[in-house]
Amino acid sequence: MRLFTPEAMREADRRAVALGHPSLLLMEAAGRGVAGWLLRWFSEKVVVLAGKGNNGGDGLVAARWLAHWGRAVEVYAPEGQEGDAGVARRALEAHGLEVRPLSDWRPEARTVVVDALFGTGLRGPLEGPYAVLVERLNASGLPVVSVDLPSGLPYAPHVRAHLTVALAGLKHEHLFYPHRAACGRIVLEPLGMPRAALEDPSLPEVLHHGLMRTLLPRRPGDAHKGSVGRVLVAGGHRNYTGAPSLAALGAYRAGAGLVTVAYPEGCEVRPPLEAVRLPLAGWSAAGLQGVRAEAAAVGMGAGEGGVEAALAVLGLGCPAVLDADALQPRVLQAYLEAGVPAVLTPHPGEAGRLLGWASSEVARRPLEAARLLAERYPSLVVVLKGGPTVLAWVPEKGAVRQAVNPTGNPAMATGGMGDVLAGVIAAFLAAGLPAWDAARLGVYLHGMAGDAVGRVGLLAHEVADALPEAAARLRMGRVADFWEAGAWARPGSRRTAAGFPARRAR
């Protein structure tokens, strides 16, 4: 699955038509799909607010199907629909439904409103009557179902939806905050588009459970601690003693057989009881020569020793996760020149330091920031942590690859989460996964574990402890991504006051 920009979605529509799939069929599938979600989750009268374009046409088709299925429905739309939207309006009127002017709509209790005013084609903020209409809709307190995107996004004002039915594919606004907050709950309506029309390798991949399940390492029956992946964790400083311990815990919980924790002498680092302790008088390759490891995680809490720790680990020649204080240009260039596989795990502040950007700019443009870092350090995998986490990688031969992780939640915004993630990715590297696969699986499973216990007050070690159960659920296929029907309560489930079902406990 790919993440679409408005331009990419229009190009996909054009490819579908060129392949022989008429655009009118796409509109029909969209409208019928929206109507189906309304029937599943709402019993109130439906009011459709439709615009002139294709998004409005989708809403008009939805109104026709709702009326056909016996649901009370009112339609408000301006004159002037053309093309497929004009066909949809004429078909609606052929069923005897009256289309009233948008200016006539007034909020009415016990109704659910379908927002089909504008989709992905906006060129600027809403103004005049449309801006007034959107503000009136938001102030009404009525449940709102938006078609594809809440009208007005990515600008302000925009509709604040309770449910958004994404059409054909997910868009940036469905995944990236602050716009994702305006979408409410999100479901994906595939529309039955030809697969070839949607597949575009230049677009970011959206990680999903079907793919991630295939990446989980298999543990043979004759496994022992030395055969399933040994991880070296190198970090720690007199003021940051918890970080390497959390990384070690993350590695163990993700399946590592043996973890060695190296740290400066005199630091009160307390690794998990199962870990091998390796206090060092100073960071050097010689001090690590006795370590047997298939992968390393380095930099967590290392302070000013981060560079020396990373360069010492480089002497082992094993794949590494470079985190926190190891994220320095000198270190990254050394790993690049040595040809050692590495995964970089910066947060926006660290990425901003490497790029010369403000952290706020990195947070605002994460895909671009991750891509630029990957292009600056080709062959190294970039994991830019955030909400959501994005990944980028430039293979030795080929164009940049990007991915967006849909798992995780704001409760994970606490200290130590990144340390656990570094250990998780290192465990998958030690198990033999290539760096790109280890990074993708690591961020996905880490987010899954956070979702399993997601509550404000969540601690990093709790996420680590939830990893085995998350992996077991993923392996057995007992998980659905947030945009899938199975991720939410089924029809007939208890509904919230907002008019849609509560999320099912997982």
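This text goes through a predicted model, from its open sheet to helix packing and then to single residues. Local features are given where pLDDT is at least 70, side-chain atom pairs count only at pLDDT 80 or more, and totals for chains, interfaces and linings use all residues. Residues are numbered from 1 along each chain as its sequence is written, and side-chain values use heavy atoms, with hydrogens and water left out.

The open sheet has 7 strands in the order β4-β3-β2-β5-β6-β7-β9, with parallel pairing. Strands here are DSSP runs of E with at least two residues, helices are runs of H or I with at least four residues, and both are numbered from the N terminus. Two strands pair if DSSP finds at least two bridges between them. At the edges of the sheet are β4 (99-100) and β9 (185-189), each of which pairs on one side only.

Strand β2 (residues 45-50) is mostly covered, with 5 of its 6 residues buried. Buried means under 20% relative accessible area, exposed means over 50%, and partly exposed lies in between, with a 1.4 Å probe and protein chains only. Strand β2 runs parallel to β5 (residues 111-116), and 6 bridges join the two; L49 has D115 as its bridge partner in β5. The pairing of β2 with β3 (residues 73-76) is also parallel, over 4 bridges, and here V47 has E74 of β3 as its bridge partner. Further along the order, β7 (residues 163-167) is joined to the parallel β9 by 5 bridges, and A166 stands opposite L188 in β9.

Helix α3 packs on this sheet and touches β2, β3, β5, β6 (144-147) and β7. Contact means heavy atoms within 4.5 Å. The direction of α3 makes about 155° with that of β2.

Two helix pairs can be described next. Two packed helices are described by the angle between their axes and the distance between the axes. Axes are lines fitted to C-alpha atoms, for helices over the stretch in contact, and angles run from 0 to 180 degrees between N-to-C directions.

Helix α3 (residues 54-68) packs against α4 (residues 83-94) at an angle of about 20°, with the axes 8 Å apart. This angle makes α3 roughly parallel to α4. Angles under 35 degrees count as roughly parallel, over 145 as roughly antiparallel, 65 to 115 as roughly perpendicular and the rest as oblique. The crossing of α3 and α4 is left-handed; that is, the near helix is turned anticlockwise from the far one by less than a right angle, whereas clockwise would be right-handed. On the α3 side the contact is made by N54, G57, L60, V61, A63 and R64, and on the α4 side by D84, A85, A88, R89, A91 and L92. These residues divide into 7 nonpolar, 2 polar and 3 charged. Ala, Val, Leu, Ile, Met, Phe, Trp, Tyr, Cys and Pro count as nonpolar, Asp, Glu, Lys and Arg as charged, and the others, Gly among them, as polar.

Helices α16 (residues 417-430) and α18 (residues 460-476) pack at about 30°, with their axes 8 Å apart. That makes α16 roughly parallel to α18, and the crossing is right-handed. M417, V420 and V424 of α16 meet A460, V463, A464 and L467 of α18. The contact consists of 7 nonpolar residues, with no polar and no charged ones.

Away from these elements, strand β12 (residues 258-264) has 5 of its 7 residues buried. Strand β12 pairs in the parallel sense with β11 (residues 230-234) over 5 bridges, and V233 stands opposite V261 in β12.

A16, in helix α1 (residues 6-18), is buried, with a relative accessible area of 0%. Leaving out residues up to four places away in sequence, A16 touches H21, L26, M193, P194 and A197. A16 and M193 are 177 residues apart in sequence, and their C-alpha atoms are 6.6 Å apart.

Some backbone details remain. Most residues other than glycine have a negative phi, and most peptide bonds are trans. A cis bond joins Y177 and P178, with omega about 10°; P178 is in the loop between α6 (172-175) and α7 (179-182). Another cis bond joins G387 and P388, with omega about 5°; P388 is in the loop between β17 (381-384) and β18 (390-393). A168 has a positive phi near 75° and is found in the loop between β7 and β8 (170-171). At 10% relative accessibility, A168 counts as buried.
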